[in-house]
Amino acid sequence: MKDDHEWLAERFEEHRGHLRAVAYRMLGSVSEADDAVQEAWLRLSRSGADGVANLGGWLTTVVGRVCLDQLRTRTARREDPLGVRVPEPVVSPADAAGPEQEALLADSVGLALLVVLETLTPAERLAFVLHDLFAVPFDEIAPLVGRTPAAARQLASRARRRVQGTAPAADTDRARQREVVDAFLAASRGGDFEALLAVLDPDVVLRADAGDAPEGVSKLVRGARAVVEQALAFSRVAAFARPALVNGAPGLVTARGGRPFSVMGFTVAHGRIVEINILADPARLSGLDLTLLDD
């Protein structure tokens, strides 16, 4: 016969995937999301589930509170005048197949959306993620942010306007997306200025996050010609780039000497690249699980 702790652990595992999805959208970091989920388990194991009518809802709000505290701490520490922060991507093989990989991709959230979420206040992000992405009622969100339900609704509304006005809507044809990204890679390798221009939207945005690297390495670049210059600079390492899925969309992973150098996520709309997000922070790259990409 199962004891109470074992029964509680099994109930928690039923919700782990959902809680991890909530935490990743809140924090933009797989490792931090796992830490938040673990903290939720520790709180549940200490308090038990007595009197909890809806365990999934209770755990969701606990994870939300943990993530909110973490976002507030991150915001207080951040010294990033350019606002160049690319979340940790979820990287999968370019030819991902099978039910487990398909389930992962079906639940993936675009890197471009996560980048926009990084610009929200912690309270706005919580309200938007919990309500708009996971249908948590404002009555349950309000206590987490110390507001009335009406004020929590306003937080989500402001966040929604920011997302709708900033996050580009990507094409849904993954094969077509891959063709465009492959064309970008081929043009970069060949140093072909005109071919690069042909695959870039005139208003394309490139965001490169190199972490604590010397000033000038992290950058935000706008406009096709300016992005082409960056792509031509990339040509010296483009030979080492290999296709991958980055948050469910075609992307590139570049490694040198067996170590990841960058992960590039692309947003393709109307057959052209409208956004490129590059994580080149060695500290965070070292924490990514890229073993599935090994030959």
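Reader: Where does Ala135 lie?
Author: In this predicted model, Ala135 lies in the loop between α6 and α7. Its phi is positive, about 55°, although Ala135 is not a glycine.

Reader: Is Ala135 buried or exposed?
Author: Ala135 counts as exposed, because its relative accessibility is 63% and the cut-off for exposed is over 50%.

Reader: And what about the phi of His270?
Author: His270 has a positive phi of about 55° and is not a glycine. The residue sits in the loop between β6 (259-269) and β7 (272-279). With a relative accessible area of 78%, His270 is exposed.

Reader: Turning to the helices, how do the axes of α1 and α2 cross?
Author: The axes of helix α1 (residues 4-27) and helix α2 (residues 30-47) come within 8 Å and cross at roughly 145°. The crossing of α1 past α2 is right-handed.

Reader: Which residues make that contact?
Author: From α1 the contributors include Leu8, Phe12, Leu19 and Leu27; from α2 they include Val37, Trp41 and Leu44. The residues of the contact of α1 with α2 comprise 14 nonpolar, two polar and four charged.

Reader: What span should α8 have, going by its residues?
Author: Helix α8 (residues 149-166) has 18 residues, so at 1.5 Å a residue it should span 26 Å. The end C-alpha atoms of α8 are 26 Å apart, which agrees.

Reader: Which residues of α8 are buried, and what covers them?
Author: Ala152, Leu155, Ala156, Ser157, Ala159 and Val163 are buried in α8. The cover over the buried residues of α8 includes α5 (111-117), α6 (122-133) and α7 (138-145).

Reader: A change of topic: where is Glu194 placed?
Author: Glu194 belongs to helix α10 (residues 193-199). Glu194 is exposed, with a relative accessible area of 55%. Its C-alpha atom is separated by 9.0 Å from that of Val228, 34 residues apart along the chain.

Methods
Residues are numbered from 1 along each chain as its sequence is written. This is a predicted model: local features need pLDDT of at least 70, side-chain atom pairs count only at pLDDT 80 or more; totals for chains, interfaces and linings use all residues. Side-chain values use heavy atoms; hydrogens and water are left out. Helices (H or I, at least four residues) and strands (E, at least two) are DSSP runs, numbered from the N terminus. Buried means under 20% relative accessible area, exposed over 50%, partly exposed in between (1.4 Å probe, protein chains only). The expected span of a helix is 1.5 Å times one less than its number of residues. Contact means heavy atoms within 4.5 Å. Axes are lines fitted to C-alpha atoms, for helices over the stretch in contact, and angles run from 0 to 180 degrees between N-to-C directions. A crossing is left-handed if the near helix is turned anticlockwise from the far one by less than a right angle, and right-handed if clockwise. Ala, Val, Leu, Ile, Met, Phe, Trp, Tyr, Cys and Pro count as nonpolar, Asp, Glu, Lys and Arg as charged, and the others, Gly among them, as polar.
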